[in-house]
Amino acid sequence: MSDEESTEYYTLLCDDPSHEVVLIACGPRELDVIRAVRKVTGLSLWHSRVLARRAPVTLLEGLSAYRAQSAVAVLQSADARAEWRQELEPGERTAPSP
C-alpha cells in the first residue's frame with residue numbers, strides 16, 4: 001500500500017448489546033422472590049436472600065435481551081419488581097440525578 005492510499009478502519013457494533021437484570025423490590029412474597037433469584041442466578045439460597053434484601057441490586061450482567069427478559073419474567077412471576085436494561089458502554093455516563 002502506498003502512502004497516498006488511506007487505510008480505513010471500521011468499528012463493528014454488536015447487534016445485541018449486553019443487558020443487565022435489576023431487582024428493584026421484593027414485594028410481598030419475599031420467600032418466593034428469594035427462590036426466583038436463586039433460580040435465575042444459580043446462587044445458594046443464603047446468597048439469594050442477601051441479594052434480595054439489598055434491593056435495588058443488579059443480579060445479572062452481560063446477557064442477551066432474550067435472556068434478560070426471561071430472567072425478569074421469572075422474578076415478576078414471584079411478585080418482585082424487576083427490570084432489564086441495556087448496559088452502558090465503557091466511557092458512557094448517565095446524567096446525574098437532581
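View A. Helices here are DSSP runs of H or I with at least four residues, strands are E runs of at least two, and both are numbered from the N terminus. This is a predicted model, with local features needing pLDDT of at least 70 and side-chain atom pairs counting only at pLDDT 80 or more, while totals for chains, interfaces and linings use all residues. Residues are numbered from 1 along each chain as its sequence is written, and side-chain values use heavy atoms, leaving out hydrogens and water.

**View B. The buried face of helix 1.** Buried here means under 20% relative accessible area with a 1.4 Å probe, protein chains only. In helix 1, that describes V33, I34, A36, V37, V40 and T41. Viewed down the helix axis, these buried residues fall within an arc of 160° (taken from the directions from the axis to the C-beta atoms), so they line one face of helix 1. They pack against strand 1 (19-25), helix 2 (45-53), strand 2 (57-63) and helix 3 (65-77).

**View C. V37 and its neighbours.** Setting aside residues up to four places away in sequence, V37 touches L23, G42, S48, L59 and L75. Contact means heavy atoms within 4.5 Å.

**View D. E20 in strand 1.** Take a look at E20, which sits in strand 1.

Definitions and conventions: Buried < 20%, exposed > 50% of the residue type's maximum accessible area, 1.4 Å probe, protein only.
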